[in-house]
Amino acid sequence: EPTSIVEYFETVLNKADLPSFITKEFEIEYNPINNILIIDYKLPSVGDFPNLKEVKYISTKDEMKEYYHSDSFMEKLYDSSLYSIILRNIYEIFISDYINAIETVSFNGWINNLNKSTGYYEDICIASVQAKKNEFLNIELSKVDPKACFKSLKGISASKLIGITPVQPILSMNKNDKRFVSTYDVTTELDDATNLAAIPWEDFE
């Protein structure tokens, strides 16, 4: 049942062993026709990452002094970590798919970022990738460079994620598409004399 599959994988992602500053906010949509799972996932901002490097006691002043990582270090850490989060969540889905309900995962990573031209915070997709189960599970994730692996899967992102550059999701959720209609029985009213070109488009679909 599609609803049960969505609930199951929501549980899988919520139980993923990730750092505590990752909020695990996401939406999942499952397409049972082609067995695609779409994930819209809220990624952490660079400000969510702890950047304290060390604390030293200065005996001459009898005080503690904090030292922080450089901006360049945090940029590299941010890029590598976000790609790792994306790959880890896709892995969690595939490795937990015991009934082979999922053939493909389409993962969209989103950031809630301040638009300096409007003064409002907006949700922006900064990374998008689509992975097939049989190909993904053949990757030795413990040995890959996260960014290189993401790119090899034909993932889309800016050269530096910290720049918060929007990208178009490879596959988007569209819950408000008015072209989707509720299912109903049409076949019982069709026979050899029915002109398919003349029936309503909803019935044809």
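This is a predicted model: local features need pLDDT of at least 70, side-chain atom pairs count only at pLDDT 80 or more; totals for chains, interfaces and linings use all residues.
With a relative accessibility of 46%, tyrosine 57 is partly exposed, a class lying between buried (under 20% relative accessible area) and exposed (over 50%), with a 1.4 Å probe and protein chains only.

Together with Leu52, Val55, Met64 and Tyr68, Tyr57 forms a nonpolar surface patch of about 510 Å² accessible area. Strands S3 (52-58) and S4 (63-68) each give two or more residues to the patch, and S3 supplies the largest share, 3 residues. Patch residues have over 30% relative accessible area and no salt bridge, nonpolar side chains being joined within 5 Å; a salt bridge places a Lys or Arg side-chain nitrogen within 4 Å of an Asp or Glu carboxyl oxygen. Areas follow the Shrake-Rupley method with a 1.4 Å probe.

## Positive phi values

Aspartate 62, in the loop between S3 and S4, has a positive phi near 50° without being a glycine. Its relative accessible area of 57% makes aspartate 62 exposed.

Isoleucine 164 also is not a glycine and has a positive phi of about 50°. This residue lies in the loop between strand S7 (156-157) and helix H5 (201-204), and is buried at 18% relative accessibility.

## Basis of the values

Residues are numbered from 1 along each chain as its sequence is written. Local features need pLDDT of at least 70 and side-chain atom pairs pLDDT 80 or more, whereas totals for chains, interfaces and linings use all residues; side-chain values use heavy atoms, without hydrogens and water.

How values were computed
Patches are made of residues with over 30% relative accessible area and no salt bridge: like charges are joined within 9 Å, nonpolar side chains (Val, Leu, Ile, Met, Phe, Trp, Tyr) within 5 Å. Helices (H or I, at least four residues) and strands (E, at least two) are DSSP runs, numbered from the N terminus.
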